[in-house]
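Me: Please take a close look at one part of this model, the ligand and what surrounds it.

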Amino acid sequence: MTHRIGFVGLGTMGGPMAANLVAAGHRVTGYDLSAEARERAAARGVMIAGSAAEAVGEAEVVLTMLPTGRHVLDSYSELTESAAGALFVDCSTIAVGDARVVADLVRVAGHRAVDAPVSGGVPGAEAASLTFMVGADGPDFAEAEPVLAAMGRRVVHCGTSGAGQAAKICNNMILGISMIAVSEAVVLGESLGLSHQALFDVASTASGQCWALTSNCPVPGPVPASPANRGYAGGFAAALMAKDLGLAAAAATVSDVPAELGGRAAELYAAFAEEAGAGLDFSAIITTLRKDDA
Ligand code: NAD
């Protein structure tokens, strides 16, 4: 079944996601503040509206892919006024609390609300292989699932409103901490005369095994496809990891959960993103952990 979809936020992620909806046969009308983003999306079959309000005016499903909770909160009053009984699906990564506020706002205006942040990054958005973590009531999840499936490989129902965002920040807290753990072990191994390959051969098949090591190894060599082999270009930007760990640390504070390693990881990534690392893959954090580079 195809839908009339309004898509707001046609940036790095939203652009290819909207293009995949077009490829699946949906009628997609989109808008972005950036003329360049609008042009790129138009070239991939997205009909471009004159404003965000116009993009969602006749939509059955409204998708948003915006930078932060502030952007989502600022734009939703206008979007919910302009739409006529739509399913609102926010795929941006925002705070759990903000996602719940957004869901209330959407429902009060007479629509249905779903939070569906993603993992898989730009390659996943291009290849329609994203994982969606979804917070929604049962019927709203059932309605959203086939639309999300056109942009991803896995669509996981995590619970009610905000649960998708909760799953996203908890997963990325594991990832951020484990990348620092792998990096510290590699740096310690270097100082003890252990080659990267020897440590990899042991840890990748022993109890130190984790995605940060076996798929995104922070040093060149053992995993040829990891960003470390191309100067940390591409991959998952350290600035986005800093953002997600900041959301996790804030949620831990609100929930009175100590999460000491998560908090420390948030500090390390924030400092790295403020210096030279913002656009580099997050595994480049290893370059700040060697004494010579400190
Ligand atoms: P981006 O900055 O490339 O795209 C966001 C777009 O939103 C921009 O083009 C911007 O012009 C547009 N925008 C902002 N306010 C708007 C408004 N009011 N109306 C219309 N357009 C507006 O960001 P991105 O990398 O696509 O990330 C989007 C979201 O996805 C973020 O929340 C990010 O944390 C999350 N995310 C990104 C990645 C990634 O690898 N890039 C991975 C997972 C999750």
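Me: How far is an oxygen atom of the ligand from an N or O atom in the side chain of T12?

Reply: The distance is 2.5 Å, from an oxygen atom of the ligand to an N or O atom in the side chain of T12. This is a predicted model, in which local features need pLDDT of at least 70 and side-chain atom pairs count only at pLDDT 80 or more, while totals for chains, interfaces and linings use all residues. Residues are numbered from 1 along each chain as its sequence is written, and side-chain values use heavy atoms, with hydrogens and water left out.

The protein covers 83% of the 830 Å² of accessible area that the ligand has on its own (Shrake-Rupley method, 1.4 Å probe).

The ligand is surrounded by 21 residues (a heavy atom within 4 Å), and the closest are T12, M13, D32, P67 and K243. By type, the shell divides into 10 nonpolar, 8 polar and 3 charged residues (Ala, Val, Leu, Ile, Met, Phe, Trp, Tyr, Cys and Pro count as nonpolar, Asp, Glu, Lys and Arg as charged, and the others, Gly among them, as polar). Helices α6 (121-127) and α11 (238-254) each supply at least two residues of this shell (helices are DSSP runs of H or I, at least four residues). Domain 1 (4-160) and domain 2 (166-293) both give residues to the shell, so the ligand lies between them (bounds from an automatic or database domain assignment).

How values were computed
A polar contact is a pair of N or O atoms within 3.5 Å; within protein, one must be able to donate a hydrogen and the other to accept it, and residues adjacent in sequence count only if both atoms are side-chain atoms.
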